[in-house]
Amino acid sequence: MARPGGWGVTEGTVTASGPDTPGPAGSGGRAGGPGRAQIGRVVWTVIVAVFVVIAIAVPVKIVGKHLRSTSSSTTGGAAPVVHMAGLQFAPGHLVVKKGTRVVFDNNDVAPHTVTEDTAGGVDSGVLSPGGKSFSLVVNRTLVYHCAIHPFMKARVDLAG
Ligand SMILES: [Cu+2]
């Protein structure tokens with residue numbers, strides 16, 4: 001027998017024969033006369049009409065949302081990402097509008113930091129390797145390095 005391979009077919013057969021058993025019992029219980037059957041038909045018509053309205057309205061709403069989110073993302077912009085990989089910040093020189101959130105992602109195999117050159121400035125602390133990230137809103141020029149690998153230098157400048 002091909003039972004293991006024919007599981008889907010077996011299940012299909014069970015499902016198809018399923019309604020056969022409760023079917024007569026169900027219709028027997030509902031058989032209250034032709035009036036009820038007509039009400040049932042009206043109810044079905046209303047249900048179908050509601051579904052048709054939903055089917056038309058939902059895609060319109062989704063398209064509307066999509067258009068709205070597209071326009072807002074154009075205004076706000078996606079957060080730019082500085083990657084740490086191969087003991088380098090990439091891009092080493094990023095230019096953003098004032099107030100932009102910049103994400104620093106450590107995709108390297110070594111831990112790094114985002115430490116501003118100016119003492120007492122921005123310091124991410126140690127970012128573990130493998131996707132640990134740090135983000136900050138940039139409101140001024142940021143000249144930074146990695147405290148663990150001081151040769152790793154980069155900067156973020158404001159546009160305009
Ligand atoms: Cu480092």
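Q: How are the donor residues of the copper ion spaced in sequence?
A: The spacing is H-x33-C-x2-H. Donors are N, O and S atoms within 2.8 Å of the metal (3.2 Å for Na, K and Ca); water is not among the atoms, so sites may look incomplete. This is a predicted model, where local features need pLDDT of at least 70 and side-chain atom pairs count only at pLDDT 80 or more, while totals for chains, interfaces and linings use all residues. Residues are numbered from 1 along each chain as its sequence is written, and side-chain values use heavy atoms, without hydrogens and water.

Q: Which atoms coordinate the copper ion?
A: His112 (ND1), Cys146 (SG) and His149 (ND1) do, at 1.9 to 2.1 Å. His112 lies in the loop between β4 (100-106) and β5, and His149 in the loop between β7 and β8. The two are 37 residues apart, so the pair links distant parts of the chain.

Q: Is His149 buried or exposed?
A: Buried means under 20% relative accessible area, exposed over 50%, partly exposed in between (1.4 Å probe, protein chains only). His149 is at 15%, so it counts as buried. His112 is buried too, at 0%.

Q: In what order do the strands of the open sheet stand?
A: Strands are DSSP runs (E, at least two residues), numbered from the N terminus. Two of them pair if DSSP finds at least two bridges between them. Here the order is β3-β8-β7-β5, with mixed pairing. β3 (93-96) and β5 (115-116) are at the edges with a single partner strand each, so one side of each lacks a neighbour in the sheet.

Q: How many bridges pair β7 with β8?
A: Four, in the antiparallel sense. Leu142 has Val156 in β8 as its bridge partner.
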